[in-house]
Amino acid sequence: MSQAHGGVELSPTGRRIVIELDAQSGVRDIWDAFTTAEGLRSWAGILRGNAESGDLRFAFLEEGLEPAAGSVRVHRCRPPYKFRLTADTEQGAWDLGLDLSSRTGTKKITFIHELGASDDPGTIGPGWEYYLQRMLVHLEGGDVDSVDWDDYYPALAPAYAKAPE
């Protein structure tokens with residue numbers, strides 16, 4: 001069974017999921033895994049559009065199927081260390097963020113999902129854990145399909161369902 005790398009915290013807008021991971025890869029490699037079509041395709045889904053114009057669409061790949069793509073609006077971007085965006089999903093608009101920092105030999109990845117009033121962190125948190133583990137395996141040159149969804153949900157649901165203190 002996998003271990004939770006984050007939880008739910010209070011935020012100025014309500015609640016948010018914060019997941020922190022360490023990676024050995026370079027900051028630019030991590031950034032590219034989150035921000036380029038090629039990088040995202042390897043572990044998460046399909047990014048289409050033009051970053052320069054801000055006309056972006058993203059669809060998660062789920063069991064090899066491509067659901068309808070939702071628009072992506074970038075609100076803040078400071079390559080290669082920080083971005084904030086809103087992604088339209090089947091579950092509504094998701095406010096997401098990434099912060100990267102470098103410590104001696106290790107890069108810290110902080111992934112943030114600002115939760116809406118009706119969002120269920122007990123399902124969303126384990127989903128992000130699953131996808132972020134796929135990203136780490138991709139960066140290490142491994143087989144992302146070796147990451148098993150059943151190791152994340154429902155196993156990690158209690159860690160994210162707890163109310164923030």
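Let's start where two helices meet: the axes of helix 1 (residues 27–35) and helix 3 (residues 121–139) come within 11 Å and cross at roughly 130°. Axes here are lines fitted to C-alpha atoms over the stretch in contact, with angles from 0 to 180 degrees between N-to-C directions. Helix 1 is therefore oblique to helix 3 (under 35 degrees is roughly parallel, over 145 roughly antiparallel, 65 to 115 roughly perpendicular, the rest oblique).

This is a predicted model, in which local features need pLDDT of at least 70 and side-chain atom pairs count only at pLDDT 80 or more, while totals for chains, interfaces and linings use all residues. Residues are numbered from 1 along each chain as its sequence is written, and side-chain values use heavy atoms, without hydrogens and water.

Here are the residues that touch (contact means heavy atoms within 4.5 Å):

| Helix | Residues in the contact |
|---|---|
| Helix 1 | Asp-29, Ile-30, Ala-33 and Phe-34 |
| Helix 3 | Leu-132, Met-135, His-138 and Leu-139 |

By class, this contact of helix 1 with helix 3 has six nonpolar, one polar and one charged residues (Ala, Val, Leu, Ile, Met, Phe, Trp, Tyr, Cys and Pro count as nonpolar, Asp, Glu, Lys and Arg as charged, the others, Gly among them, as polar).

Now for the whole protein. Its secondary structure comes to four helices and eight strands, where helices are DSSP runs of H or I with at least four residues and strands are E runs of at least two, numbered from the N terminus. Along the sequence, the pattern reads β-β-α-α-β-β-β-β-β-β-α-α. The C-alpha atoms fill a box of roughly 40 × 35 × 35 Å along the principal axes. Of the 165 residues, 44% are buried, meaning under 20% relative accessible area with a 1.4 Å probe, protein chains only.

Notes: Buried < 20%, exposed > 50% of the residue type's maximum accessible area, 1.4 Å probe, protein only.
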